[in-house]
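Here is a short report on one protein chain. Please read it alongside the sequence and the coordinates.

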Amino acid sequence: PARPPRPPRRPPRWHAVFVRLAIEMAFLVKDAGACSATDVAVSKDLEHLDYDLMMKITNKRKAELARRQKLADPRTRQFGVSHEVLAEQIKQKQAAQAADAQDEEAYAASLTMNDAVLQTIEGIKSDTRRQKQMETIAYSIANHHKETRREWPLSDPSKYMSAYLTVPEDKLGPCSMSRFEGEQVDKEKIRMAKQETARVLKQQMQERWDRENAEKEFHRFHDMKLNEANLLRGRCEQASVQETLEDKFAEAQENLRLADVRKQREAAKAQQEAQEKMKHADNLVNSDRMREVHDYKVGSTGRLLKGEYKRLSIEEEADVYNTNAHLVRDKKARARAEAEAGAQDVAHIEHSVSVLAAIEMEKARSQKEKTLKIVEENKKLAAQKAANDRKERRAHLSLDYEP
């Protein structure tokens with residue numbers, strides 16, 4: 001059979017990338033030819049627009065052209081901009097930082113100077129106020145005595161009292177007289193104005209009465225509704241209380257029933273426990289361990305049963321007594337042997353001490369005898385030396401001496 005045709009292969013992903021790059025390069029060449037003179041002149045398709053909008057669109061086109069040129073360069077596209085551009089950006093950033101630092105220093109210096117000026121001005125103001133206060137106090141001390149004050153005559157009891165006037169009434173004239181325009185008004189107009197005022201006041205009073213009556217009616221209606229609501233709430237509360245009482249009564253009956261059931265259960269449990277205690281007591285009383293039938297029991301493992309052990313058997317107890325007697329006898333024999341050995345050691349030590357004392361006494365006697373012999377020999381030598389000295393002295397002093 002004929003082999004079916006194979007479907008067309010899907011182009012690789014890099015193929016689409018290269019196609020897109022080729023299309024962008026074509027547009028780049030086209031735009032470069034169209035916008036090559038943007039630095040000097042503006043495109044003709046923008047001449048009908050406003051200048052600001054035209055320059056904005058032109059700048060956008062320049063930025064797009066620069067971006068496409070950067071994409072067209074593989075080095076710039078893969079590794080970024082060159083080091084010269086980065087160095088220039090760093091220089092600009094450092095210059096901006098230096099300018100900001102200078103501005104900050106200038107601002108700080110300006111603030112310091114302004115602060116100093118303000119402090120100086122405030123000091124001058126404070127000194128001025130203080131000087132004025134001191135001058136005022138000095139002037140008051142020098143000129144303002146209590147006698148020179150205006151209120152001093154008013155406070156003088158000999159000059160003025162509230163019970164009489166300082167000047168007779170017949171000598172007091174009018175204080176002032178004035179006549180104002182409008183005092184001579186037509187009486188008819190005054191009457192009409194008063195009537196109008198009375199009518200307005202009556203109308204206001206009627207409105208006030210109507211408003212008060214409406215408020216009273218409103219309050220009366222709401223009071224009636226409130227009374228009805230209170231009555232209904234009271235009936236509801238009474239019904240609720242009655243239901244609560246019925247629930248409590250039912251709950252009390254249920255509690256009584258549960259208490260009766262619990263009491264019966266506890267009584268049955270107590271009776272069962274009493275029977276178990278009696279059975280346990282009977283078992284204990286009638287058990288072999290409590291009746292002491294056996295001294296002890298040995299289990300299947302050959303060990304003594306701990307719960308059934310009471311005491312030793314007679315043979316074991318006699319063996320224990322015999323063993324204790326042998327132990328006491330051995331202990332006494334060991335004590336006698338230790339005492340005899342101690343006595344022998346003491347006798348040996350005393351003999352050794354007596355021998356050493358005799359040796360020391362003999363040593364001291366021989367040393368003393370030797371010392372006496374040395375003393376006798378020294379006396380003889382001294383006498384001989386004295387005789388020789390006398391002979392030598394005589395021979396030295398006498399010329400005819402012959403030994």
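The side chains of Arg 199 and Glu 196 form a salt bridge, with 2.3 Å from N to O. A salt bridge here is a side-chain nitrogen of Lys or Arg within 4 Å of a carboxyl oxygen of Asp or Glu. Arg 199 and Glu 196 sit 3 residues apart in helix H6, so about one helical turn separates them.

Arg 191 and Glu 188 form another salt bridge, at 2.0 Å from N to O. They too are 3 residues apart in helix H6 (residues 187-286), so the separation is about one helical turn. Arg 191 is partly exposed at 39% relative accessibility. Glu 188 is partly exposed at 37%.

## Basis of the model

This is a predicted model: local features need pLDDT of at least 70, side-chain atom pairs count only at pLDDT 80 or more, and totals for chains, interfaces and linings use all residues. Residues are numbered from 1 along each chain as its sequence is written, and side-chain values use heavy atoms, with hydrogens and water left out.

The pLDDT is the predictor's confidence in each residue, from 0 to 100. The chain averages 80, and 77% of the residues score at least 70. A contact means heavy atoms within 4.5 Å. Residues 32-40 also stay under 50 in pLDDT, yet the model gives them 7 contacts beyond four places in sequence.

## Overall architecture

The chain has 8 helices and 0 strands. Its pattern along the sequence is α-α-α-α-α-α-α-α. Helices (H or I, at least four residues) and strands (E, at least two) are DSSP runs, numbered from the N terminus.

Buried residues make up 3% of the 403 residues. Take the contacts between residues at least 6 apart in sequence: 15% of them join residues at least 24 apart. The accessible surface comes to about 37,700 Å², and carbon and sulfur atoms hold 57% of it. Areas come from the Shrake-Rupley method with a 1.4 Å probe; for residues, only the protein chains shown count as cover.

## Other salt bridges

How many salt bridges does the rule give? The count is 14. One of them joins the side chains of Arg 67 and Glu 64, at 2.5 Å from N to O. Both residues lie in helix H2 (residues 51-72), 3 residues apart, about one turn of the helix. Arg 67 is partly exposed, with a relative accessible area of 39%. Glu 64 is partly exposed at 29%.

Salt bridges also link Glu 362, Arg 365, Glu 369 and Lys 373 in a network.

## A nonpolar surface patch

Val 298, Leu 304, Tyr 309, Leu 312, Val 320 and Tyr 321 make a nonpolar surface patch of about 550 Å². Patches are made of residues with over 30% relative accessible area and no salt bridge; like charges are joined within 9 Å, nonpolar side chains (Val, Leu, Ile, Met, Phe, Trp, Tyr) within 5 Å. Tyr 321 lies in helix H8 (residues 314-397). Is Tyr 321 buried or exposed? At 52% relative accessibility, Tyr 321 counts as exposed.

How values were computed: Buried means under 20% relative accessible area, exposed over 50%, partly exposed in between (1.4 Å probe, protein chains only).
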